[in-house]
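Biologist: Could you walk me through this one slowly, as I am new to reading structures?

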Amino acid sequence: MSLSQYLIEEQLKLPYATGDFTALMSHLVYAAKIVSREVRKAGLLDHVLGVTSSTNIQGETVMKLDEYADTLITNAMKICGHLCVMASEEHENIIEIPTGYNIGKYTFAFDPLDGSSNIDSNVSIGTIFSIHLRKTQAGKKGTEEDLLQKGSLQRCAGYILYGSSTMMVLTMGNGVVGFTLDPSCGEFLLSNPDIKFPDSGNIYSVNEGNYNFWSDEMKSYIRHIKHLETSSGPKTLRYIGSLVADFHRNLLKGGIFLYPEDAKSEKYPNGKLRMLYEASPMAFIAEQAGGMAVNVKGEKILDLIPGSLHERTTLVTGSRKEVEEFLKFIKK
Ligand code: AHM
Ligand code: MG
């Protein structure tokens, strides 16, 4: 079954569905295919590798492919007729729907190319997205208020992983499904009909180079899982530095991903990952796949309301038993 067919089938199950969501998603699927095509040409074309002369709102260097993906997805989505407002990790402010286009009932927040430090070395990267229903009055352009909503109210979240193959993994609140792009027919085909986190797993993923900046609780948790005395022996470290790829591997194989705050440096006092474009959509997928997603205080990510578009958070997500062990440990 192709992703387009799947979306239509899902829509037909809901007697009150209008088709707006399905139409919105068809614009995203189109954009994903084009970004995937360009990512696959990295190394061959000038506009694909290297840095631009700009830095984004977070002061980070913008890669050429970041900019390309951002422009492409923004342009494909803002004219789809079913969104009222958008936000991108690469834009300081909200992205308005241009005058003359239909204003819809959904919001769209996205990280166009996550893990961009990996672009130039041919390592997996991804696009992350999150869709809510608007809060403000229908028919008018949406506002920041429409975007700053609880993660648990997401209507859909997903990611596109540009890895050894291109995959779209998504949830609409009824489990998690995965589609793999078949380049020969240009369609995303259903490859993983019901993705579930293994209940526990042996992998831990964290940037251990930051060890000296962590809180004492975090340090002892990491020391604990490396000890031979733990139930299954020491865990295996796997860290790519692309959230989508690290999350996806752990989703299939079982394990835990952590991005804590750098308590002892000025760099990421509240964690590095952004609530709106990274933590919240991944948390929705994690919970729908039977896993968990919390911050280092143990609060569920999906219960939190972002205070601003680019708010950062700590993130601990993965197999249920692993996250529970982390929680018991930090409460000691
Ligand atoms: P980006 O959105 O600028 O690419 O940054 C987010 C990425 C995540 O994909 C990844 O989990 C994390 O940053 C890696 O950070 P670090 O290099 O500090 O380990
Ligand atoms: Mg990112």
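This is a predicted model: local features need pLDDT of at least 70, side-chain atom pairs count only at pLDDT 80 or more; totals for chains, interfaces and linings use all residues.

Biologist: Which domains does the protein chain have?

Modeller: The domain assignment of the protein chain gives domain 1, covering residues 3-192, and domain 2, covering residues 203-331. Their C-alpha centres lie 24 Å apart, and the contact takes 48 residues from domain 1 and 31 residues from domain 2.

Biologist: How much area do domain 1 and domain 2 bury between them?

Modeller: Together they bury about 2,900 Å², and 63% of that is on carbon and sulfur atoms. On the side of domain 1, the residues that lose the most area to domain 2 are Ile128, Leu148 and Tyr159, which together make up 20% of what that side buries.

Biologist: OK, so at what angle do α1 and α2 pack?

Modeller: Helix α1, residues 3-12, packs against helix α2, residues 20-39, at an angle of about 165°, and their axes are 10 Å apart. An angle over 145 degrees counts as roughly antiparallel, and therefore α1 is roughly antiparallel to α2.

Biologist: Which residues of α1 and α2 meet there?

Modeller: From α1 there are Leu3, Leu7, Ile8 and Gln11, and these meet Phe21, Thr22, Met25 and Val29 in α2. Sorted by class, the residues of this contact are six nonpolar, two polar and no charged.

Biologist: And how do α2 and α3 cross?

Modeller: The axes of α2 and helix α3, which spans residues 64-78, come within 9 Å and cross at roughly 155°, so α2 and α3 are roughly antiparallel to each other. The crossing of α2 and α3 is right-handed. Among the residues making the contact are Leu24, Leu28 and Ile34 of α2, together with Leu65, Tyr68 and Leu72 of α3. By class, this contact has 14 nonpolar, one polar and two charged residues.

Biologist: What about α6 and α7, are they roughly parallel or antiparallel?

Modeller: Helix α6 (residues 243-253) and helix α7 (residues 275-288) have axes that come within 12 Å and cross at roughly 15°, and they are therefore roughly parallel to each other.

Biologist: Which residues of α6 and α7 make the contact?

Modeller: Leu243, Val244 and Phe247 of α6 make the contact with Glu278, Met282, Ile285 and Ala286 of α7. Here the classes are six nonpolar, no polar and one charged.

Methods. Residues are numbered from 1 along each chain as its sequence is written. Chains are lettered from A and ligands numbered from 1 in the order in which they are written. Side-chain values use heavy atoms; hydrogens and water are left out. Axes are lines fitted to C-alpha atoms, for helices over the stretch in contact, and angles run from 0 to 180 degrees between N-to-C directions. Helices (H or I, at least four residues) and strands (E, at least two) are DSSP runs, numbered from the N terminus. Angles under 35 degrees count as roughly parallel, over 145 as roughly antiparallel, 65 to 115 as roughly perpendicular and the rest as oblique. Contact means heavy atoms within 4.5 Å. Ala, Val, Leu, Ile, Met, Phe, Trp, Tyr, Cys and Pro count as nonpolar, Asp, Glu, Lys and Arg as charged, and the others, Gly among them, as polar. Domain bounds come from an automatic or database domain assignment. Buried area is the accessible area (1.4 Å probe) that two parts lose on being put together, summed over both. A crossing is left-handed if the near helix is turned anticlockwise from the far one by less than a right angle, and right-handed if clockwise.
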